[in-house]
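Trainee: Could you walk me through this protein model? I would like to go slowly, one topic at a time.

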Amino acid sequence: MEEKILVTPKSFKNYRHKAYPLLEEKGYKIIENTFGRTMTEQEITELAREGVVGIIVGVDPLPGAVLEQLKDLKAISKYGVGMDNIDLDRAAELGIKVKNATGTNNVSVAELAIALMFAMARKIPYHSAEVKNGGWNRSIGFELTGKKLGLVGCGQIGREVAKRARGLEMEVSVYDPYFRDDGFLSQYNVSRIDSLDELLSGSDIISLHLPATPDTKKMINAETIGLMKPNAILINTSRGELVDEDALYEALASGRIAGAAQDVFSSEPPAKDEKLLKLDNFMLTPHIGAFTGEAVEKMALVSTRNLLEMLGHKE
Ligand code: NAD
């Protein structure tokens, strides 16, 4: 039987000339996502039901019900970091190995988080639209320098954000109960706060850098937003599921907090009539955090090498 690899991420094609030869020289046939969008469960099942031993996956869904039908599947290599689209428990039960490409896109996502902070502070989307519409009105902004930045999650991305924010002379605090590297905190003069409530209530800007799990789902909700300062800005480049979007809408529409910028949403793309998109103090980018030439190249190569390693090939 010819062994096949399914490659689902759309942006992988930019670097397939470097990645595919690594798979082909081991004798694998490559099948691609030809839909030009995230694949559905049914499409994945149909394409990978037989002969597919490995999948390089983006954000396409791999729940237990799909994994159970892919009878030759041995390994899933995540092209990126967040693995919330994969049923990790079921994969383990089925003996399917899973690995993510950690550390490949942390700089790109961190730079986007900082960009979103500036975009909100200086209302860049509003001002750009104003001029393009023939106007010249100005809405007053604020400096990031000296502001208190609260990071929820201090992993690969959170740490890169912290370093850059310190370069901007922001005061940086982190809440991450699992983070142990005190050397990092002292090197960059970052403080640790052991209570999420305290971090939320003391920060001017709150930026989320943690995975979406059953425990963290909707961690930003009416109650936790209620702790935030009225001038607070929320930045979310992690996952839409972390935020209760109805509660966020209420808070932004009523002016309870000043603004929010996200690169992710509970359903991507959002519905055309999504109410948050009608607000001037909300901005959304289309999941571009890792979408840079640098990150895409690293994700393509690292996810390919990870897959080969899981399939038992040595470098
Ligand atoms: P990481 O695993 O290096 O770091 C995650 C950190 O979150 C860890 O330090 C962990 O201890 C911490 N954490 C876990 N649960 C927590 C909790 N309840 N409270 C506080 N901290 C908690 O991952 P990373 O590379 O920094 O990525 C973070 C997230 O960013 C990913 O899970 C992914 O969802 C998202 N992401 C988005 C994009 C994008 O394109 N927008 C790209 C890459 C990653």
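Predicted model: local features only at pLDDT ≥ 70, side-chain atom pairs only at ≥ 80, totals over all residues.

Trainee: Okay, and how accessible is Gly226?

Mentor: Gly226 has a relative accessible area of 42%, so it counts as partly exposed, because that class runs between 20% and 50%. In space, C-alpha to C-alpha, Gly226 is 8.8 Å from Ile257, although the two are 31 residues apart in sequence.

Trainee: You mentioned β10, so which strands make up its sheet, and in what order?

Mentor: The open sheet is formed by seven strands in the order β8-β7-β6-β9-β10-β11-β12, and their pairing is parallel. At the edges stand β8 (191–192) and β12, each with a single partner strand, so one side of each is left without a neighbour in the sheet.

Trainee: What about β10 itself, how many bridges join it to β11?

Mentor: Four bridges join β10 to β11, which covers residues 259–262, and the two strands run parallel. One of the residue pairs to look for is Ile233 with its bridge partner in β11, Gly259. On the β9 side, β9 and β10 also pair in the parallel sense over four bridges, and here Leu208 stands opposite Asn236 in β10.

Trainee: And which residue of β9 is the bridge partner of Leu149?

Mentor: That partner is Ile205, and it belongs to the pairing of β6 (residues 148–152) with β9, which is parallel and runs over four bridges.

Trainee: Switching to rings now, how many aromatic pairs does the structure hold?

Mentor: There are five aromatic pairs in the structure. One of them joins Phe12 and Tyr79 in a tilted arrangement, with 5.6 Å centre to centre and 45° between the planes.

Trainee: Why does that pair tie together parts that are 67 residues apart in sequence?

Mentor: The reason is where the two residues sit: Phe12 is in the loop between β1 (4–7) and α1 (16–24), whereas Tyr79 is in the loop between β4 (75–78) and α4 (88–93), so the pair links parts that are 67 residues apart in sequence. Phe12 and Tyr79 are both buried, and together with Tyr20 they form one aromatic cluster.

Trainee: What kind of pair do Phe179 and Phe184 form?

Mentor: Phe179 and Phe184 form an edge-to-face pair, with 6.1 Å centre to centre and 90° between the planes, and both of these residues are buried. A charge can also sit over a ring, as with Lys275, which lies over the face of Tyr249 at 5.3 Å from the ring centre.

Trainee: Last topic: how much space lies in the second largest pocket?

Mentor: About 310 Å³ of space lies in the second largest pocket. It is lined by 19 residues, of which Met120, Lys123, Tyr126, Asp280 and Asn281 are the closest to its centre. The elements that give two or more residues to this lining are α5 (106–121), α6 (124–132) and β12 (282–284), and the largest share, three residues, comes from α6.

Trainee: How do the lining residues divide into nonpolar, polar and charged?

Mentor: In the lining of the second largest pocket, 12 residues are nonpolar, five are polar and two are charged.

Terms used: Residues numbered from 1 in each chain as written. Heavy atoms only, no water. 1 Å grid on protein atoms, 1.4 Å probe; cavity = no way out; pocket = protein on both sides within 12 Å on 5 of 7 lines; lining within 4 Å. Points joined across faces, edges and corners; volume = space filled by probe spheres on them. Nonpolar A, V, L, I, M, F, W, Y, C, P; charged D, E, K, R; others polar. Buried < 20%, exposed > 50% of the residue type's maximum accessible area, 1.4 Å probe, protein only. Phe/Tyr/Trp six-rings, centres within 6.5 Å; stacked < 30°, edge-to-face > 60°. Lys NZ or Arg CZ within 6 Å of the ring centre and 35° of its normal. Pairing = 2+ DSSP bridges.
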